[in-house]
Amino acid sequence: MTSDFPNLSVLNHPLIQHKLSMMRDRTRSTMGFRQLLREIALLMGYEITRDLPLTTERIETPLCPMDAPVIEGRKLAVVPILRAGLVMAEGLLELVPAAREGHIGLYRDHETKRPVEYLVKLPDPAGRLFILVDPMLATGHSAVHAVDVLNRHGVDDSQIRFMALVSAPEGVRTFHAAHPDVPVFTAALDSHLNENAYIVPGLGDAGDRLFGTK
Ligand SMILES: O=P(O)(O)OC[C@H]1O[C@H](OP(=O)(O)OP(=O)(O)O)[C@H](O)[C@@H]1O
Ligand SMILES: O=c1cc[nH]c(=O)[nH]1
Ligand SMILES: [Mg+2]
C-alpha cells in the first residue's frame, strides 16, 4: 500500500508488469490484448486472494487420512463491470472455477463522462466475498456506481474487493472518498486523466481494444 493512497495495493509482480507493458503497446492485436488481460487477471487474482482464511478438512490420501487445508467458506463471487471487465472475469474464474459470477452493465456517457447502468444480475450476497473487476479506474465514477449497486443488493463494503488493471490518481481518490473500506488492487497507478477523461499513459479504450469495436 502507498501512504498517499490508503487501501490501494499496486501489484508489481514482474510478470504482471511485463504483460501490462505488452498490452499498452498500440500495435498489440485484439487477440493478443484479450489473451494478456486474461493472463494478468489470473495473476492478480492470485495476489488478491492470498489472505483468504483457511480451515482444514479431513480427507484420505492414498496413504493415510489427513487434515488438509481448504479455503474457509469458499463463497466467492466475481463481478465484472461490462463490457471490459468480462475478460478479466474469465481469468479469475480459471483460478476459482467454483465462484459465482454476477454482472453489472455500465457504459460511460461520452458527454457527461458519467456511468449509465443497463444491466444488474447478482448472486445471493449472504456470507460471500465479492471481487469486482474492471480494467480501467479513470474518473472512478463507474467503480463507485458499481459498489453502490452492490450495497443496494445487500453487499456490505467489507465484503468487496475492487480489482482494476490501470488506475488514475483522480479515480482512486474519488473511489476512496465514497468507499474507504473497499480495498483496491491495481497493476499500475498512472499519471493523470486527459481532457477526455482517458488515463495517461494508459492503454486507450479497453472495451474497444478487447472487442474490436470503435
Ligand atoms: O472511471 P470511469 O471514468 O467511470 O471510467 C472507467 C470505465 O470506462 C470503461 O468502460 P466504458 O464506459 O468504455 O464501457 P465498455 O466497457 O462497454 O467499453 C471502463 O471499462 C470502465 O468501466
Ligand atoms: O483510459 C480509459 C478511461 C476510461 N475507459 C477506458 O477504456 N480507458
Ligand atoms: Mg469502452
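A residue counts as buried if 20 or more other C-beta atoms lie within 10 Å of its own, as exposed if 12 or fewer do, and as partly exposed in between. By this criterion Asn7 is partly exposed, because 17 other C-beta atoms lie within 10 Å. The structure described here is a predicted model.

**Overall architecture**

The protein chain contains six helices and twelve strands. Its radius of gyration is 18 Å, close to the 17 Å that the globule rule gives for 214 residues, so the chain is as compact as a globular protein of that length. The C-alpha trace spans about 65 × 40 × 35 Å along its principal axes. Of the 214 residues, 36% count as buried. Among contacts with a separation of 6 or more, 63% are between residues 24 or more positions apart.

**Helix packing around H2**

Helix H2 (residues 30–48) packs with helix H1 (residues 14–24) at an angle of about 160°, and the two axes are 10 Å apart. Angles over 145 degrees count as roughly antiparallel, and H1 and H2 are therefore roughly antiparallel to each other. Their crossing is left-handed. On the H1 side the contact is made by Leu15, Ile16, Lys19, Leu20, Met22 and Met23, and on the H2 side by Phe33, Leu36, Leu37, Glu39, Ile40, Leu43 and Met44. These residues divide into eleven nonpolar, no polar and two charged.

H2 also packs with helix H3 (residues 85–95), here at an angle of about 50° and with the axes 7 Å apart. H2 and H3 are therefore oblique to each other. The crossing of this pair is right-handed. H2 contributes Arg34, Leu37, Arg38, Glu39, Ile40, Ala41, Leu42, Gly45 and Tyr46 to the contact, while H3 contributes Val87, Met88, Glu90, Gly91, Leu92, Glu94 and Leu95. The residues of the H2 and H3 contact comprise nine nonpolar, two polar and five charged. Leu37, Glu39 and Ile40 of H2 take part in the contact with H1 and also in that with H3.

**The surroundings of Phe130**

Phe130 lies in strand S8 (residues 129–137). With 27 other C-beta atoms within 10 Å, Phe130 is buried. Leaving aside neighbours within four places in sequence, Phe130 is in contact with Ala77, Val79, Leu150, Val155, Gln159 and Ile160. Of these partners, Ala77 and Val79 fall within the residue range of strand S4 (76–82). Gly140, ten residues from Phe130 in sequence, is 18 Å away in space, C-alpha to C-alpha.

**Backbone features**

| Site | Feature | Angle |
|---|---|---|
| Leu82 to Arg83 | cis peptide bond | omega near -5° |
| Val200 to Pro201 | cis peptide bond | omega near 0° |
| Asn7 | positive phi | about 75° |
| Lys113 | positive phi | about 65° |

Arg83 is placed in the loop between S4 and H3. Pro201 is in the loop between strand S12 (199–200) and helix H6 (206–211). Asn7 belongs to the segment before strand S1 (8–10), whereas Lys113 is found in the loop between strand S6 (103–108) and strand S7 (115–121). Lys113 counts as partly exposed, with 14 C-beta neighbours inside 10 Å.

Notes: Residues are numbered from 1 along each chain as its sequence is written. Chains are lettered from A and ligands numbered from 1 in the order in which they are written. This is a predicted model: local features need pLDDT of at least 70, side-chain atom pairs count only at pLDDT 80 or more; totals for chains, interfaces and linings use all residues. Axes are lines fitted to C-alpha atoms, for helices over the stretch in contact, and angles run from 0 to 180 degrees between N-to-C directions. Helices (H or I, at least four residues) and strands (E, at least two) are DSSP runs, numbered from the N terminus. Angles under 35 degrees count as roughly parallel, over 145 as roughly antiparallel, 65 to 115 as roughly perpendicular and the rest as oblique. A crossing is left-handed if the near helix is turned anticlockwise from the far one by less than a right angle, and right-handed if clockwise. Two residues are in contact if their C-beta atoms, placed from the backbone, lie within 7 Å. Ala, Val, Leu, Ile, Met, Phe, Trp, Tyr, Cys and Pro count as nonpolar, Asp, Glu, Lys and Arg as charged, and the others, Gly among them, as polar. The radius of gyration is taken over C-alpha atoms; the globule rule is 2.2 Å times the number of residues to the power 0.38.
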